[in-house]
Amino acid sequence: MPYAIPFVMQIWLFVSGVVYSISALPEKWQWVLALNPMTAVISGFQWGVIGTPTPDLGKLAISVATTVVFFVGGLWYFRRTEPRFADTV
């Protein structure tokens with residue numbers, strides 16, 4: 001089991017587009033990867049530093065929307081479990 005975490009981290013490098021530019025993928029897979037909130041951040045960094053193509057605003061909007069959904073869901077879950085939180089930690 002201790003080897004599972006490095007393996008998962010390596011998978012996330014490919015799922016987020018750290019290893020390659022997202023624009024190198026077919027268009028249909030670019031939209032799927034846009035569901036990962038870090039994809040927009042990494043694409044913007046690559047655009048600013050190494051000159052990859054400008055990130056598409058539609059994919060950026062999908063990443064931002066996914067981030068908002070995760071934030072609201074996490075906030076809702078935290079508020080729901082807050083009374084028991086200190087007892088379980």
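Modeller: E27, D56 and K59 are joined in a network of salt bridges, a salt bridge being a side-chain nitrogen of Lys or Arg within 4 Å of a carboxyl oxygen of Asp or Glu. This is a predicted model, in which local features need pLDDT of at least 70 and side-chain atom pairs pLDDT 80 or more, while totals for chains, interfaces and linings use all residues. Residues are numbered from 1 along each chain as its sequence is written, and side-chain values use heavy atoms, with hydrogens and water left out.

Colleague: How far apart in sequence are the parts that E27 and K59 tie together?

Modeller: The closest N and O atoms of E27 and K59 are 3.1 Å apart. E27 lies in helix α2 (residues 27–33) and K59 in helix α4; helices are DSSP runs of H or I with at least four residues, numbered from the N terminus. The pair therefore ties together parts separated in sequence by 32 residues.

Colleague: Is K59 buried or exposed?

Modeller: Buried means under 20% relative accessible area, exposed over 50% and partly exposed in between, with a 1.4 Å probe and protein chains only. K59 has a relative accessible area of 13%, so K59 is buried.

Colleague: What is the N to O distance in the salt bridge of K59 and D56?

Modeller: D56 is partly exposed, with a relative accessible area of 37%. Its side chain meets that of K59 in a salt bridge, with an N to O distance of 3.6 Å.

Terms used. Helices (H or I, at least four residues) and strands (E, at least two) are DSSP runs, numbered from the N terminus.
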